[in-house]
Every structure is written in structure tokens, then in C-alpha cells.
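Subject: Structure handover

Dear colleague,

I am passing on the structure we discussed. Please look through it alongside the notes below.

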Amino acid sequence: YQSRQMDAVVKILRKVAPTDVTVLITGESGTGKEMLARTLHDLSARRKRPFITVDCGAIAHSLMDAELFGHVKGAYTGAQGSSPGRILQAEGGTLFLDEIGEIPLEIQTKLLRFLQENEIRPVGSNETIKLNVRIIAASSVSLKQLVDQQKFREDLFYRINVVQIELPPLRARGTDVLLLAQHFLQEAAVRSGK
């Protein structure tokens, strides 16, 4: 990048990376929210620990609970073994919740509890597990509007919106277009041997 817009984003990124604050990355689809989240993780003290991505829009609502929080054997029909869940997989590292607005309200309650208490309870278990995980969330839709429509919990919104980074679309970063075009042209030339 060379644009002032991305320079401002990177300055914020460098300030919050060493901390453990929860970050909300907003911006249109395709602007690179996951890449920004990974960069945030790579600049943090957690960089040697896992970076786990959860595409909340790609998981069926009925499976979201077990996918995030894990489950024990026999927790539900078809649960023939235990699964740790994505949050536990991120222990010591970073959990990136892409399109967090897609999480159903009943699961948002459990996620809020995790953010407040740093502990989870796998589906079908009576025991809680204490964890140390940094949360980075992303959304291409306005979570504030979802709150107003009562589709997203207001308390969860404020919990994940400690630091918000607005990622500008490429059309607003004019000086970066040529730079990126040259980069991809060079990559194509290397691949094709020309």
C-alpha cells in the first residue's frame, strides 16, 4: 500500500497489536479483513500460537454451538466422539470470527459469557474450561443496524467493538491500485516464465 487511508489503518493496527483488546474490523466484502486480522495476530505476542478462522456465515446455525464451543461424546445424536471446538483450538492465540453478525442470538449469549469470563462449556459437558484467547471479529454489514433490528445483542456489540478498524475499499485507495496491479503482473510473469 501507499495510500494515506491504508497508512492510517496500519498505524492503528500497530498500536493495538501488542495489546489483548478485542478488535472489530469492518468493511465491504473483499477488502481483506481476514488478511488484516492475520497481520494483527502476526504483530502480536501471540504470533507463535494458533490463528483460528471461523467463517460464521458458512456454518449451519444448528452446528454453530458445537463448532465454536466443542462437544463431548454423546452430546447429541451422531456425536460419536468429542470435539474441542474452534475456541479451544485457539488457546493462547487468536480466534478470528469472520461475519460475526451471522451468529444466532442464542449462541451470541454463550459467546458473550466467554468474552466476560474467559471460559467455555462444551455442548453436553458439565465442566467449564478456562482459556486465554484473543478475539478479532469482522463484519461486512453494520452490526449497529443489526442491534437496532434486534438481530445482534447490544452488550456483545460493545464487548467486541473495543477498537474498530474500518478497512477502506480499493476504489477509495487510488494510489494503491497501480501498486497492486504491478504486483500481480509480476506474479503472473514469474508463473508463466515471461
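Predicted model: local features only at pLDDT ≥ 70, side-chain atom pairs only at ≥ 80, totals over all residues.

Five strands form an open sheet, a set of 5 in the order 2-3-6-1-7, and the pairing is parallel. Strand 2 (51-55) and strand 7 (163-166) are the edge strands, each of them pairing on one side only. From one strand to the next, the twist averages 20 degrees. Within the sheet, strand 1 (residues 23-26) pairs with strand 6 (residues 134-139) in the parallel sense, and this pairing runs over 4 bridges. I25 has A138 of strand 6 as its bridge partner.

Helix 2 (residues 33-42) lies across strand 1, strand 2, strand 3 (94-98), strand 6 and strand 7. Relative to strand 2, helix 2 runs at about 155 degrees.

Helix 1 and helix 2. Helix 2 also packs with helix 1 (residues 4-16): the two axes come within 9 Å and cross at roughly 40 degrees.

Helix 3 and helix 5. Here helix 3 (residues 61-69) packs against helix 5 (residues 105-117) at an angle of about 15 degrees, and the axes are 10 Å apart. Angles under 35 degrees count as roughly parallel, so helix 3 and helix 5 are roughly parallel to each other. The crossing of this pair is left-handed. Helix 3 contributes M64, D65, L68 and F69 to the contact, while helix 5 contributes I107, K110, L111 and F114. By class, the contact of helix 3 with helix 5 has 6 nonpolar and 2 charged residues, with no polar ones.

Aromatic pairs. There are 2 aromatic pairs in the structure. In the case of F51 and F96, the ring centres are 6.2 Å apart and the planes are at 15 degrees, so the pair is stacked. F51 sits in strand 2 and F96 in strand 3, 45 residues apart, and the pair thus links distant parts of the chain.

Regards

Conventions
Residues numbered from 1 in each chain as written. Heavy atoms only, no water. Axes fitted to C-alpha atoms, helices over the stretch in contact; angles between N-to-C directions. Helix = DSSP H or I, 4+ residues; strand = E, 2+ residues; numbered from the N terminus. Parallel < 35°, antiparallel > 145°, perpendicular 65-115°, else oblique. Left-handed = near helix turned anticlockwise from the far one by under 90°. Contact = heavy atoms within 4.5 Å. Nonpolar A, V, L, I, M, F, W, Y, C, P; charged D, E, K, R; others polar. Pairing = 2+ DSSP bridges. Phe/Tyr/Trp six-rings, centres within 6.5 Å; stacked < 30°, edge-to-face > 60°.
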